Amino acid sequence: MRLYGKFFVMHLKSLLEYKTSFFLTCIGQFLVSFNVFLGMYFMFQRFSNVEGFTYNEVLLCFGITLMEFSLAESVARGFDTFDNMIKQGEFDRVLVRPRHEILLVLGSRIEFSRIGRIMQAVVMFIYGFAVSGVRWTPAKVMAVLFMLIGGTVVFSGLFLIYASICFFTIEGLEFMNVFTDGAREYGKYPVSIYGKRILQICTFVIPYALIQYYPFLFLLDRGKPWYCLLPLAACLFIIPCFLLWKLGVRHYTSSGS
Amino acid sequence: MKKYLAFFRLRFSMGLQYRAAAFAGVVTQFAWAGMEIMMFRAFYRTDAASFPMTFQATCAYVWMQQAFLTLFMAWMMENEIFDLIVNGNISYELCRPVNIYNMWFSRSLANRLSKAVLRCLPILLVAAFLPAPYGLMLPASPLAFLLFLFTLFAGVGVTVAFCMLVYMLSFFTISPAGIRIVAVSMVEFLSGATIPLPFFPEKVRAFLELLPFASMQNVPLRIYSGDLSGAAAGRALFLQLFWLFALIGMGRLLDAFAMKKITIQGG
């Protein structure tokens, strides 16, 4: 953990050498996710609700999902360029060091420009809270906390899967973006609006619904009380991801160069 | 003219080489289109009366958008060009007896077209065989189809001309990252990539339709789905041509200006 702190400071220092570019990229990041919000805003100018969820409720859902994703992204986006690491044989260097390889991969690249997105997430999160009209009780606050924890873990797991697949394909798979960026994009609405089949997949295969839809129902007083514990169950998702990573490391053959 | 055609051919056949990447892209785009359509279905089921276009037209819009994604996505700018400007290799390009603007224009156009050729067929085929409201319907009339093809090319022209402006501007700013990301997010939103323009409120939409961004994907996709026809389509086509020439003119001006005071970076 202290090592990760050192990596963190190191990347921050190297970044502050290029200030203007950094700020512009931050603003850009902010604008990109702001587009999503504007899109929602104009959709709800036309429609008063979607499948029984009002604009304010959807905003809360969007804020929470975006927050979950941004938290996971700021921790685990180092996996994003993992295919480069494998292609250039840099992973060899990681393996000979006396620390856990996941920690070293994560420390190899920390993206501060994601701060734009995190800022957006924080703003949406607070705004969603303010307008949602939910009556807050200690249990509900706990539920939101669980959602953030569970969401960060699930999205990190997905990034981990993305990296693990690189062991076998060398090339990063564009298709995996559907599960990460796609989930962020479409997770702005409660999963149930996409139909029953999608809800089932998101409950049992990739537990998006456990970190978003079910606890969200609990916040709106529409779900059963035990729904608030589901995000913690979603944390189990990290186990198969981790096993896949282990399998990948064992399967790894250096690509040289 | 001949040498620019040669550039075009070269880049076009280069683009056709990346078949595996195209396949991965096709699979991804299917998933995106599917989610997008299900999202619109949810809104449609909730309140069909407020829907600005028919549901079938919306589905056609989404499928066409995904099939021709590479033609219109502003973030598909060419990193090579930015690299040339940043690391100073632009000097080699300047030695050639060609006009930078024309060369880059033909190369961007070729890149986008070749990618689209590889990707559009599988998506269009499958979408055409999907059951009625969700699939891709035939265009309203043969005339509408011809108009669609024509505006499709005009739309790509406007998109490329806009990207050229960004390339030219990065001669002045050195680091392209900033203006690039701002330009991209503007295009995304104002061209109807985030939500189709008809879904905007009436007043906002009337204004947006005058901007160059509406001349990109908005016009051809809506003509295909039958949402835009008759006099409105003619007006849109006229605007497209206007913006095409205006953007190219602006780009050329910037080009001439940049060439006069260019400094080569690094070595």
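Student: Is the crossing of helix 3 of chain B and helix 7 of chain B left-handed or right-handed?

Tutor: This is a predicted model, in which local features need pLDDT of at least 70 and side-chain atom pairs count only at pLDDT 80 or more, while totals for chains, interfaces and linings use all residues. Residues are numbered from 1 along each chain as its sequence is written, and chains are lettered from A and ligands numbered from 1 in the order in which they are written. A crossing is left-handed if the near helix is turned anticlockwise from the far one by less than a right angle, and right-handed if clockwise. By this criterion, the crossing of helix 3 of chain B and helix 7 of chain B is right-handed.

Student: Are helix 3 of chain B and helix 7 of chain B roughly parallel or roughly antiparallel, and why?

Tutor: The axes of helix 3 (residues 55-67) and helix 7 (residues 100-128) of chain B come within 8 Å and cross at roughly 155°. Angles over 145 degrees count as roughly antiparallel, under 35 as roughly parallel. The crossing angle therefore makes helix 3 of chain B, relative to helix 7 of chain B, roughly antiparallel.

Student: Which residues of helix 7 of chain B meet helix 3 of chain B?

Tutor: Residues are in contact if their C-beta atoms, placed from the backbone, lie within 7 Å. From helix 3 of chain B come W63(B), Q66(B) and A67(B); their partners in helix 7 of chain B are R119(B), C120(B), I123(B), L124(B) and A127(B).

Student: Which element gives the most to the side of chain A that touches chain B?

Tutor: The contact takes 30 residues from chain A and 28 residues from chain B. Elements giving two or more residues on the chain A side are helix 2 (19-46), strand 1 (49-50) and helix 9 (177-186). With 13 residues, the element that gives the most is helix 2 of chain A.

Student: Is E51(A), which has a positive phi, partly exposed or buried?

Tutor: E51(A) has a phi of about 50° although it is not a glycine, and it lies in the loop between strand 1 and strand 2 (53-54) of chain A. A residue is buried with 20 or more other C-beta atoms within 10 Å, exposed with 12 or fewer, and partly exposed in between. Because E51(A) has 14 such atoms, it is partly exposed.

Notes:
Two residues are in contact if their C-beta atoms, placed from the backbone, lie within 7 Å. Helices (H or I, at least four residues) and strands (E, at least two) are DSSP runs, numbered from the N terminus. Axes are lines fitted to C-alpha atoms, for helices over the stretch in contact, and angles run from 0 to 180 degrees between N-to-C directions. Angles under 35 degrees count as roughly parallel, over 145 as roughly antiparallel, 65 to 115 as roughly perpendicular and the rest as oblique.
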